[in-house]
Amino acid sequence: MPAEYQSEAELESQFMRRLNALGYKTIQVSNEAQLMQHFRRILDARNQQKLQDHPLTDSEFKRALNTIVGSKSVYEIAQILRGTDIQPYGKIVIERDDGSEVYLEIFDGKNFENNVFEVTHQITIEGKHENRYDVTVLINGMPVVQIELKKRGVDFGQAFNQILRYRDESYRNLFRLIQIFVISNGGDTRYFANGDGKLNSNFMFYWTDEKNNWLNDIDAFTASFFERQRLHSMIAKYTIFDNDHERMIIMRPYQVYATEAIVNQAKNHPDRNGYIWHTTGSGKTITSFKASQILTRETDAEKVIFMIDRSDLDIQTAKNFNSYLPKTTNNEPALDQTDNTYRLVEQLKSSDTPLIITTIQKLNNAVKNNRYKDVLTPYHDRKVIFIEDEAHRSQFGEMRKNVNRWFGNAQHFGFTGTPIFAENVGKDGRTTETLYDDLLHKYLIKDAIRDRNVLGFSIQYISTVKGKEKIEDANREVPGIDTKEAMESEERLSKVVQHILFNHGSLTNKQQYNAILTVPNTEVALKYYRIFKEMDPHQQLKVTTIFTWAANEDTNEKNQGADTLTSRQGLDKVIEDYNRTYNTAFSTDNFKDYFADVSKRMKEHNGSTPEDNIDILIVVNMFLTGFDSPKLSTLYVDKMLQYHGLIQAFSRTNRVEKESKPFGNIVSYRNNKANTDEAVKLFSAGSQEAFFVPSYEELKQQFDSAIIELHKVTPKPSDVDQLYNLGDEQLRKFVLIFRLVLQLHNKIRVYDDFDWQGLQDDFAKQEMEDFRGKYFEVYHHLNSDGTSKEKESILNDIDFELDLLEVDKIDVQYIVNLIKTISLDSQANRDADRNKIKRLLKNADNPQLKLKAELLAEFLDEVVPNLNSSANVSNELNQFLDRKRRESIDEFSDEVNLGKDTINEQFANYEFYGNPDNRRLMETLNEAGYGFKEKMSLKKRVVNFIKETAEKYKVMN
């Protein structure tokens with residue numbers, strides 16, 4: 001039978017046969033009770049000698065089950081399965097009925113052959129609904145891999161949503177031992193780790209061969225991934241525990257192959273160094289950590305030293321490093337961030353610390369200090385392995401030479417996303433290959449974009465000097481033109497700021513994400529900061545800058561007695577503003593703390609808490625390398641970039657987050673195109689296709705086609721209502737096609753060229769919003785507690801991608817943010833902004849917004865037209881709301897014949913405690929002489945009024 005006609009049952013049978021051929025035994029397990037009995041038999045058999053031929057009693061087995069699973073999290077269970085440095089691999093201790101203790105082995109993490117590999121299918125579990133799991137792989141009777149299959153041609157993402165449903169409804173007891181999920185429709189296959197929190201479909205991984213070729217077909221995937229030794233290694237070796245976030249991380253194939261290549265080089269070619277070329281953002285830190293751990297266990301190296309550059313180490317990165325490793329015996333972090341070298345030397349002396357994590361700066365200090373000579377001299381000849389992160393920068397300087405002189409018998413392994421080639425070589429003339437000998441594994445940016453491990457780039461070049469394009473090329477002399485003066489002029493910088501202010505909302509999904517603006521020097525950074533303050537006085541965008549300075553700058557002489565500040569003086573002024581904005585107390589004297597706080601705010605950017613965010617960070621060189629944040633989506637470029645510097649800078653923006661972040665945005669105000677093409681060609685091994693996202697013209701064509709298909713399914717938004725009567729299949733068609741429209745709109749709207757005018761079928765923004773509302777209604781209908789839950793809807797397994805809805809969610813905060821940014825510069829701008837907001841209020845479907853809609857419209861009509869151009873709209877709105885609340889209280893007080901003090905007292909109690917003071921209210925009503933029924937009715941009216949009015953007139957931030 002042709003593969004395309006293969007049913008799900010046939011695919012399942014074929015998959016089982018493939019596993020049988022790999023050494024998995026098929027067993028018949030129909031339900032949870034049978035699974036429990038099977039596990040118990042294997043547990044007894046594996047530990048027969050320890051149990052002295054006395055199988056576990058019912059109470060002992062219950063204790064064992066509770067020790068393994070109990071009420072533990074998936075994260076805790078996973079650690080018990082694998083064991084820790086303190087507790088051996090896969091062993092538990094229980095108390096027997098006679099009071100004695102016994103160690104039971106549940107999993108051998110060292111030798112795969114000492115485990116029992118089995119497979120079963122169609123286990124039925126009763127939960128909220130009856131769930132029947134497709135295929136389950138068991139190791140020693142424990143379900144460790146769950147496979148969900150869909151027939152060929154079906155969106156295999158349905159299997160992902162099916163797993164989410166199973167997890168909520170019926171994964172319990174032994175099924176909480178599941179470590180890995182695999183989903184496939186025969187032609188497309190992915191795997192991902194189990195966890196306690198929300199699973200993200202963006203982190204489903206491809207499996208590949210060592211050359212990064214996809215093994216997508218279920219047969220190819222099975223032959224490689226489910227080979228028993230490989231599956232065992234994925235569980236026992238290639239898992240990392242993030243202790244801070246309490247999550248289990250299963251490594252990706254290129255990380256596994258790179259780790260194995262390093263271990264192989266260390267074992268078989270100890271006289272040769274090696275390097276790993278894995279593109280920026282692909283998880284080099286996880287790979288290097290895992291390689292370090294395995295090298296300490298599987299080689300004869302006396303020490304493995306994981307060495308990083310302190311300049312790459314922001315506070316969050318250090319926290320991540322420490323979270324991957326078990327705490328030390330005295331609970332100190334594995335990575336010591338201080339400059340003191342004493343602890344490092346103590347670790348070199350101790351035989352209990354085979355793995356050392358340090359910075360190259362600290363190790364350099366140690367080898368240069370004569371007081372540590374006695375400790376370090378023996379290391380001239382001892383076998384030491386260095387793992388060096390970000391090898392494209394720190395390993396080419398004098399510090400590396402100093403370290404090499406002391407560690408003469410060392411083997412070095414470097415990690416880099418942007419190697420040094422002949423084309424981008426530095427002054428010393430050394431390339432990565434001359435320093436590290438052998439390229440052990442590579443995973444290029446084209447591979448990472450293809451696998452969606454990082455995002456592609458949307459690059460826009462914005463001309464800022466009309467008629468003088470050549471002026472933008474700072475690499476060439478332009479006769480008769482002062483290039484620096486022209487490019488750094490106030491007029492030009494103001495145009496750039498104006499462009500950013502106008503487009504930043506679209507580029508960052510209404511400030512759900514943030515951005516970096518990189519500039520050529522500190523003077524320009526301070527100029528930009530001042531211009532942002534002048535052009536955005538109400539801080540529509542929160543902007544700051546950070547850079548290092550020289551104590552004796554070249555400009556000090558010319559700035560004597562002038563208004564111009566030195567870089568440090570200028571930065572101190574910036575930090576003063578920063579302290580007022582965020583209620584902090586930094587200065588350049590504690591620059592390290594300022595850096596840490598900026599880094600934290602950039603990484604923890606949250607669109608719903610703008611008071612804590614940094615929207616745009618102006619930098620010269622800082623944050624352009626080694627800074628990883630999924631919340632950073634945009635890089636504004638106003639300097640010339642080249643080769644590894646360009647790729648590193650661009651790559652700050654392309655970390656995967658949610659569907660609302662489709663790619664990294666690069667907006668270049670310099671003519672960097674030729675440099676970009678050269679850099680992409682160099683670091684993509686000649687292939688540039690994957691690097692760039694589709695052009696505006698290509699996206700426009702796709703968007704138009706999707707609109708046509710949408711109108712075929714439902715010509716008008718109101719027609720969606722009729723689809724409910726036609727059944728789930730018609731609703732499904734609408735969901736799928738409008739989801740595509742949402743996806744394409746999310747990509748196309750960031751382009752300067754995008755305009756609602758001229759779209760296919762005269763598709764308008766209002767129609768988009770109306771369809772969006774209908775789409776959300778379908779989702780709400782299917783996820784309500786109504787009758788639609790009683791049957792298995794075919795829509796249950798569709799991913800609605802609500803992130804795309806939430807981006808443009810019209811709620812109270814969104815409207816208030818718009819009101820706060822009303823332009824008062826001219827009557828035309830003022831009226832345009834007012835009318836836009838009033839249209840949104842008219843179509844409000846958010847319950848809280850409906851409550852405030854009339855009130856906010858009143859503010860727009862009565863207050864805004866009379867404000868002067870320098871007014872603070874936010875303050876005016878809050879004063880208006882406070883005045884209206886007082887008027888409402890006065891009216892209600894007169895209406896119910898209760899004193900204003902009584903109502904205000906109840907308001908104060910509600911706002912502080914969250915509830916009115918019922919006892920005090922009843923006392924007041926008693927004193928007024930009301931009868932029982934009147935008291936109860938009036939009490940209810942007062943309480944309802946306070947709750948509704950408190951919400952309606954709440955002062956907005």
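Me: Which strands does helix H18 lie across?
Reply: In this predicted model, helix H18, which covers residues 490-507, lies across E17, E18, strand E20 (616-619), E21 and strand E22 (664-668), and H18 runs at about 155° to E21.

Me: And what about H19, what does that helix lie across?
Reply: Helix H19, made of residues 522-535, lies across E18, E19 and E20, and its direction is at about 150° to E20.

Me: What order do the strands of the sheet come in?
Reply: The order is E17-E22-E21-E18-E20-E19, which makes an open sheet of 6 strands with parallel pairing.

Me: Which strands stand at the edges?
Reply: Strand E17 (457-461) and strand E19 (543-545) stand there, and each has a single partner strand, so one side of each is left without a neighbour in the sheet. On average, neighbouring strands of this sheet are turned by 20° against each other, if direction is ignored.

Me: How many bridges join E18 to E21?
Reply: There are 5 bridges between strand E18 (residues 514-518) and strand E21 (residues 632-637), and the two strands run parallel. Within this pair, Ile516 stands opposite Leu635 in E21.

Me: New topic: where does Asn509 lie, and is it buried or exposed?
Reply: Asn509 lies in the loop between H18 and E18, and it is buried, because its relative accessible area is 3% and buried means under 20%. Although Asn509 is not a glycine, it has a positive phi of about 50°.

Me: What about Asp762, buried or exposed?
Reply: Asp762 is exposed, with a relative accessible area of 68%, and it lies in the loop between helix H26 (728-748) and helix H27 (765-782). Asp762 also has a positive phi, near 55°, in a residue other than glycine.

Technical notes
Residues numbered from 1 in each chain as written. Predicted model: local features only at pLDDT ≥ 70, side-chain atom pairs only at ≥ 80, totals over all residues. Heavy atoms only, no water. Pairing = 2+ DSSP bridges. Helix = DSSP H or I, 4+ residues; strand = E, 2+ residues; numbered from the N terminus. Axes fitted to C-alpha atoms, helices over the stretch in contact; angles between N-to-C directions. Contact = heavy atoms within 4.5 Å. Buried < 20%, exposed > 50% of the residue type's maximum accessible area, 1.4 Å probe, protein only.
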